[in-house]
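Work through the exercises below with the sequence and structure in view. Try each task before reading its solution.

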Amino acid sequence: MDTLTRRRFLIASGVAGGAAVLAGSAAIGWRDLAGHAAANPLPSGAKVLVVVTLYGGNDGLNTVVPYADPAYHGARPELAYTADEVIRLDPQLGLNPAMTGLAAQFRSGRLAIVNGVGYPNPDYSHFRSMDIWQTASPAEPVGTGWIGRWLDASGDDPVRAVNVGSVLPPLAVGSRCTAAALNPGGNRPLPQDFATGLTALAQQDRGDTPQDAMVTGCYRAEREVAATFASIRPAATGSVGGDDLAGQLDTVGRCVKAGVPTRVYAVDLGGFDTHADEKGTQQTQLGTLDTALSSFVTDMAGDPRGRGVVVLVYSEFGRRVAANASQGTDHGSAGPVLVAGVPVRGGRFYGEQPGLNDLDDGNLKYTVDFRTVYAELLERVLDADPQQVIGYAHEPLGLLA
Amino acid sequence: MTTTGGAWQAAARLVRRTGFGATGREVDAVLAAGSASYVRSVLAAAPDPAPAPPPVAPLPRAPKDASADQRRAANRQIEGQQAQVTTWWLQRMVTTTTPFAEKLTFCWHDHFATSAQKVRSATWLLQQNQKLRTLGRGDFRTLAMAMLTDAAMLRWLDGVASTGTSPNENLAREFMELFALGHGDGYTEADVRAGAKALTGWVARPDGTTYLVPRRHDDTPQTFLGVHGVDDAASYCDAVLTRPQSPRYLATRWWGQLASGDPPSPALLEALTAAYGPGYDLTAMFTTMLTRPEFAVAEGTLVVGPVEWLVGVLRALQVPVGDAQVARRTVGALRALGQEPFYPPSVGGWPGGQAWLSTAAADLRVRLAAAVAARADLSAITASARGNRLDAVAYLLGIASWSSRSAAALTPEVGSPARLVALAVNTPEYLVH
């Protein structure tokens with residue numbers, strides 16, 4: 001029975017129900033996959049998407065600062081950055097003082113900033129709004145993430161998308177496939193005795209529920225992931241290879257340089273929910289993002305395969321324009337999205353900066369639907385049909401050369 | 001493979017869902033006593049007093065002009081205290097004679113998720129933990145009010161920074177969305193803003209006592225959720241808890257924690273909310289949930305999270321965790337698996353289901369199980385003849401029977417009891433219930 005027929009058979013026979021998660025990866029067969037990257041490397045010229053999720057709702061107005069607008073200073077006198085404090089990118093907008101590295105990337109043309117990104121009828125719940133961004137479905141909750149649906153539509157190899165970290169985010173879960181996951185601290189192969197046992201546990205059984213099938217599916221994928229990433233080692237020193245953002249991106253960089261055939265990586269950074277004492281907290285977080293991301297972009301620009309890497313940075317919402325009494329800001333709506341890498345037409349702004357005098361109940365009105373950015377990335381980075389994956393099409397912003 | 005019947009399997013499910021893992025002996029006892037009597041007794045039992053919580057004295061705040069070195073030292077002290085509290089709770093979960101009390105406490109911690117990442121006081125977090133343990137089976141209004149005025153919660157959701165002149169919406173919003181009502185209730189942004197005003201003015205002392213400062217509080221009567229005159233935490237709480245959606249939200253969320261990954265049927269939901277009734281009676285709701293036929297037949301949909309998994313393995317294998325270094329390493333393992341107690345990723349608590357079943361988690365779990373099994377009491381297995389060891393390991397872990405897939409995977413390992421156990425706790429039968 002060939003690959004496709006076998007999977008169709010499994011689904012049609014209802015062996016594992018609708019959630020025949022990863023049934024496809026079993027059908028690849030248990031050939032020896034050691035040296036996967038060498039035998040089946042990322043094709044030359046193929047692009048790679050790295051999704052950086054900032055959890056908590058990053059304050060966009062203090063990230064990409066409209067420093068020249070009096071309304072900005074009026075709305076948040078204690079939180080605002082002055083024209084002298086920001087890193088000015090043009091006569092209107094500047095970056096948070098912590099973002100020196102990304103400012104340099106902007107000037108060298110490797111960083112693009114999309115202003116005012118959001119969606120209709122903003123939801124001020126972290127969870128619902130993050131869900132909307134991760135599922136690309138603003139109108140109604142759906143059970144699959146946008147990368148998960150790309151996996152569903154694009155083949156069987158479980159290493160096509162990789163989450164760095166053991167807990168899968170919703171964006172990485174499809175109805176048939178899920179992203180693989182790597183431990184940022186390193187991925188030593190399991191001892192042979194256990195590897196044999198896990199291979200046996202990966203078999204499906206007649207009585208499996210969809211959840212049982214998730215367990216066995218993840219074991220099948222684990223065997224493949226172990227073979228693919230066995231040669232990827234974290235650096236021996238420092239925090240590199242750790243679970244902070246720099247460590248996560250270091251793992252991604254090593255995989256890319258090794259030619260692993262992964263097309264999407266997901267990493268994240270939390271701590272952006274700044275209801276109180278925002279300035280210092282956000283500056284620390286943006287500094288962490290700046291250091292990790294700018295060195296990653298530089299590192300990738302110097303590698304032949306790395307030159308195909310495109311990074312997307314987003315958060316579930318921006319924050320309220322006006323500060324609260326706790327020197328913080330409450331949940332808001334639209335915010336900037338960063339897109340970085342060699343293939344990016346950087347050094348410029350896309351979309352319109354929402355007006356600070358034209359607010360919706362204290363919140364910014366979005367000017368760019370986030371799915372417009374996703375659609376362009378799906379089409380130009382992942383060679384996929386956005387209509388098929390996210391059910392959305394729009395004229396591209398032209399972010400990619 | 002084993003010959004245990006459906007009644008034994010149902011009893012095993014009950015034991016696992018009301019604690020951390022199970023052993024065959026516990027299941028036998030429940031089968032003998034009857035499940036209704038078991039449910040009554042575990043809900044009535046006072047939480048095991050041992051081990052007593054560590055003494056974490058409130059630390060003075062670092063002075064505003066503290067040097068970087070002083071701040072680092074203060075941070076280390078806070079983290080040292082928090083590590084003591086975290087290992088204490090883990091040891092408690094592993095050794096307690098009242099596992100359901102700890103399971104409920106852990107689930108309430110997931111429900112009112114508060115993180116030490118932001119709440120830099122082990123004193124406050126320990127107090128919150130004790131409130132969840134003592135109030136988690138009483139009436140929900142008392143628990144909800146305790147959380148609305150809890151020092152750790154007020155810090156976590158910025159209640160302590162919320163004043164009449166500029167209310168902070170965080171607590172008012174998340175209490176409705178995540179703690180008591182659910183996102184689908186249809187409350188508006190105006191409700192969030194009005195509710196935030198009613199909750200203004202609370203402050204906390206380093207010892208964890210909290211009180212209302214009248215000049216920081218906005219006592220203007222608000223119209224909130226259609227109720228006029230809401231002007232303080234109590235009237236805010238009542239307006240939320242008396243919404244018809246509130247009991248349905250609570251019952252649905254708890255059904256998802258204890259029984260099934262599938263939502264409750266309308267009839268079941270009706271029964272659960274009727275039991276909860278006008279008295280906000282949590283014990284009645286839990287009793288109904290655990291004794292309904294739907295609970296006994298729900299199976300194979302609930303993915304076991306890292307804490308339940310690891311604590312269950314340690315309990316079944318009687319691995320001692322009293323040693324501080326062992327306990328710290330165990331906490332480290334939970335951190336790697338993404339579920340360190342006192343560090344939920346956000347106010348929404350931990351994810352569930354598929355999120356726990358990544359390839360990286362599989363790898364970690366197998367290594368961890370091997371390390372634990374190497375230190376375990378495996379006499380129950382070694383005492384059995386090889387031909388009976390699959391049954392012996394099933395009984396040890398409270399598993400009614402192995403699928404033919406799992407039996408085929410385990411059979412080659414009957415000669416190496418540690419590996420047999422390490423694989424057994426990674427079967428779908430153990431990871432899903």
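This is a predicted model: local features need pLDDT of at least 70, side-chain atom pairs count only at pLDDT 80 or more; totals for chains, interfaces and linings use all residues.

**Exercise 1.** Compare the reach of α17(B) with its expected span.

Solution. Step one: count the residues of α17(B), which gives 14. Step two: take the expected span, 1.5 Å times one less than the number of residues, here 20 Å. Step three: from the first C-alpha to the last, α17(B) reaches 20 Å, close to that expectation.

**Exercise 2.** List the buried residues of α17(B), and state what covers them.

Solution. A residue is buried if 20 or more other C-beta atoms lie within 10 Å of its own. In α17(B) this applies to B:Ala327, B:Thr330, B:Val331, B:Leu334, B:Ala336 and B:Leu337. Their cover includes α4, α16 and α18 of chain B.

**Exercise 3.** Describe the contact of chain B with chain A.

Solution. Chain B gives 49 residues to the contact and chain A gives 47. Elements of chain B that give two or more residues include α9, α17 and α18. The largest share on this side, eight residues, is that of α18(B). Sorted by class, the side of chain B has 20 nonpolar, 21 polar and eight charged residues.

**Exercise 4.** Identify where in chain A pLDDT stays under 50.

Solution. Start with the average for chain A, a pLDDT of 85, with 87% of the residues at 70 or above. Then look at residues 1-35 of chain A, where pLDDT stays under 50. Residues 236-241 of chain A also stay under 50.

Definitions and conventions
Residues are numbered from 1 along each chain as its sequence is written. Chains are lettered from A and ligands numbered from 1 in the order in which they are written. pLDDT is the predictor's confidence in each residue, from 0 to 100. Two residues are in contact if their C-beta atoms, placed from the backbone, lie within 7 Å. Helices (H or I, at least four residues) and strands (E, at least two) are DSSP runs, numbered from the N terminus. Ala, Val, Leu, Ile, Met, Phe, Trp, Tyr, Cys and Pro count as nonpolar, Asp, Glu, Lys and Arg as charged, and the others, Gly among them, as polar. A residue is buried if 20 or more other C-beta atoms lie within 10 Å of its own, exposed if 12 or fewer, and partly exposed in between; C-beta atoms are placed from the backbone.
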